[in-house]
Amino acid sequence: MSEQPLNPSPAEAHEDAAADAGPVAPEPTAPEPGTPAPTGSTAADALTDGPPAAASPDEAAALRAASFERARRLRQEPRFPGGPAADPAGSHHERRIRSFQPRRSRVTTGQQESLERLWPKWGLDIDGKRVLDLADLFDGLPVVLEIGFGMGEATAQMAADDPGTGILAVDVHTPGQGNLLGLADKAGSTNVRVANGDAIILLREMLAPASLDGLRVYFPDPWPKARHHKRRLIQPEFLDLVAPVLKPGAIVHCATDWEPYAEQMLEVLTAHPRFENTAAGGGYAPRPAFRPLTRFEGQGLDKGHVVHDLLFARV
């Protein structure tokens, strides 16, 4: 559910992210060939989680079970102490179809430093265990919710351009979380809070009625295959969750470069009784000045992509 680079290749997306955030922090590597194995293990154990070749079937099964348990614990542990949790709400409790794909890609040294230094101050996990006091969290500012911010460049710019509005920015992409925290800190913006986890749980369990002044969903995953359309975020059920937490008159602002998804967004929003199109004639709206033209969007426009904005008011 992150801001998408208008359908880049994986290599382009990786290069863009790496260029933004600096050198990559070293990751653990396997021992060099010929390096003695750690005490109490074989060389095979040092390189893999598999059992030694001579293990009996019972021993092999026990070793595999231990390996699976270690992997399960690692998936649930935060990558950085005091930083965003790997699974804040406990995904085993959520049986619904997910509209996002968690991405645990490499974190640069700059992003890691930002997470370790700023997450305790400006970050929060979506655990579904409490209702957020947005007035306290944002020092009384009006608050808009942004779902999916990618690497955070557009979010950071909107926060700097409008310091009188708080932005509660939600994503599951750890490098992007660190990057946004770093960008906001560098700009001196104090009106951004980064939320880690499932936006559906946030909307359903952690926001008070009529607590939001707006919602932004920019370039969500289009899930282009027909069998995956049920994973798209903008659905009637999603709007049913959104409407109660928005104040009357609050704006839902969506943007996408995927034409079929834009058509679905327009159809779903138009049909919902709690939302009214603000565009003259009831179609797409011009890109408002407050939504930055991102690098990814510019690349897409150069390639002939058409970006559609939709602005609907909560009635």
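In the predicted model, Glu113 and Arg117 both belong to helix α4 (residues 109-122), where they are 4 residues apart, about one turn of the helix. The two residues form a salt bridge whose closest N and O atoms are 2.6 Å apart. Glu113 is partly exposed, with a relative accessible area of 35%, and Arg117 is likewise partly exposed, at 42%.

Arg117 also forms a salt bridge with Asp185, with 2.9 Å between the closest N and O atoms. Arg117 lies in helix α4 and Asp185 in helix α7, so this pair ties together parts that are 68 residues apart in sequence. Asp185 counts as partly exposed, at 29% relative accessibility.

Elsewhere, the side chains of Asp213 and Lys247 meet in a salt bridge with an N to O distance of 3.2 Å. This pair links distant parts of the chain, as Asp213 is in strand β5 (residues 212-218) and Lys247 is in strand β6 (residues 246-256), 34 residues apart. Asp213 is partly exposed, with a relative accessible area of 29%, and Lys247 is partly exposed at 31%. Through shared partners, salt bridges join Glu113, Arg117 and Asp185 into one network. The whole structure contains 7 salt bridges.

Helix α7 (residues 174-187) packs with helix α6 (residues 153-161) at an angle of about 30 degrees, the axes being 9 Å apart. Angles under 35 degrees count as roughly parallel, and α6 and α7 are therefore roughly parallel to each other. Their crossing is right-handed. The contact is made by Glu153, Thr155, Ala156 and Ala160 of α6 and by Leu180, Leu183, Ala184 and Ala187 of α7. By class, this contact has 6 nonpolar, 1 polar and 1 charged residues.

Key:
Residues numbered from 1 in each chain as written. Predicted model: local features only at pLDDT ≥ 70, side-chain atom pairs only at ≥ 80, totals over all residues. Heavy atoms only, no water. Axes fitted to C-alpha atoms, helices over the stretch in contact; angles between N-to-C directions. Helix = DSSP H or I, 4+ residues; strand = E, 2+ residues; numbered from the N terminus. Parallel < 35°, antiparallel > 145°, perpendicular 65-115°, else oblique. Left-handed = near helix turned anticlockwise from the far one by under 90°. Contact = heavy atoms within 4.5 Å. Nonpolar A, V, L, I, M, F, W, Y, C, P; charged D, E, K, R; others polar. Salt bridge = Lys/Arg side-chain N within 4 Å of Asp/Glu carboxyl O. Buried < 20%, exposed > 50% of the residue type's maximum accessible area, 1.4 Å probe, protein only.
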